[in-house]
Amino acid sequence: QPATFKIRVYKAEDVPQMDPAYLETVKKMFSKNATESKNLVDPYVTVSYAGHQVNTGVRWTTCNPEWNESLQLGTRFPSMSERIQIRLYDKDTTSADDIIGTSFLYLSKISLPEGDNGFLPTFGPSWVNFYGSTREYKHIGSEYEHLNN
């Protein structure tokens, strides 16, 4: 049967810089808001479940983005997927977007106990912590890169 997840993305705090410093000059030339100290971050959020994905808009040159967006993710139940993936990215115009961090919401932990009829989520609002590679830049590589998968 059809179902829709409604996920509200509010904000993030202290998003780490993902681009090397030499790109700062280039980004400042094209930026209208380059006043923050960590202005090399252009974050956006993706939410994925069972092969479907929705994204927030990109918040340009800010390490403390505010989205206040409601995302709707259509799917069908029952599904083989047990978790919703939420990923924070840094938008890059000259290369592939960088994964800043990943978090998973497990349906079994955010729904009513088994035995109840239907599926009634009971989660939120809540802070979700993102885990991923260290604050090193992507082209250096990291032994913790597997945390984003």
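This is a predicted model: local features need pLDDT of at least 70, side-chain atom pairs count only at pLDDT 80 or more; totals for chains, interfaces and linings use all residues.
Partly exposed means a relative accessible area between the buried range, under 20%, and the exposed range, over 50%. Arg59 has a relative accessible area of 24%, so Arg59 counts as partly exposed.

- Four strands make up an open sheet, and their order is 3-2-5-6 with antiparallel pairing.
- Strand 3 (52–55) and strand 6 (98–106) sit at the edges with a single partner strand each, so one side of each has no neighbour in the sheet.
- From one strand to the next, the twist averages 20°.
- Strand 2 (residues 43–49) and strand 3 run antiparallel and are joined by 4 bridges.
- Look at Tyr49 and you'll find its bridge partner, His52, in strand 3.

**The nonpolar core**
- The largest nonpolar core has 21 residues, and Phe5, Val45, Val47 and Ile84 are the ones that touch the most other members.
- Elements giving two or more residues to this core include strand 1 (2–11), strand 4 (66–76), strand 5 (83–90) and helix 2 (107–110).

**Aromatic rings**
- You can find 3 aromatic pairs in the structure.
- Phe104 and Tyr106 make a tilted pair, at 6.5 Å centre to centre and 45° between the planes.
- Tyr106 has 32% relative accessibility, so Tyr106 is partly exposed.
- Phe104 also has a charge over its ring: the charged end of Arg83 sits there, 3.8 Å from the ring's centre.

**Salt bridges**
- Searching the whole structure turns up 3 salt bridges.
- Arg59 pairs with Glu69, and their closest N and O atoms are 2.9 Å apart.
- That pair links distant parts of the chain, since Arg59 is in the loop between strand 3 and strand 4 while Glu69 is in strand 4, 10 residues apart.
- Lys11 and Glu13 form another salt bridge, with 3.4 Å between the closest N and O atoms.
- Lys11 has a relative accessible area of 40%, so Lys11 is partly exposed.
- Asp97 and Lys91 also meet through their side chains, at 3.8 Å from N to O.
- Lys91 comes in at 29% relative accessibility, so Lys91 is partly exposed too.

Conventions:
Residues are numbered from 1 along each chain as its sequence is written. Side-chain values use heavy atoms; hydrogens and water are left out. Two strands pair if DSSP finds at least two bridges between them. Axes are lines fitted to C-alpha atoms, for helices over the stretch in contact, and angles run from 0 to 180 degrees between N-to-C directions. A nonpolar core is a set of buried Ala, Val, Leu, Ile, Met, Phe, Trp, Tyr and Cys residues joined through side-chain atoms within 4.5 Å. Buried means under 20% relative accessible area, exposed over 50%, partly exposed in between (1.4 Å probe, protein chains only). Rings of Phe, Tyr and Trp (its six-membered ring) pair if their centres lie within 6.5 Å; planes under 30 degrees apart count as stacked, over 60 as edge-to-face and the rest as tilted. A charge sits over a ring if NZ of Lys or CZ of Arg is within 6 Å of the ring centre and within 35 degrees of the ring normal. A salt bridge is a side-chain nitrogen of Lys or Arg within 4 Å of a carboxyl oxygen of Asp or Glu.
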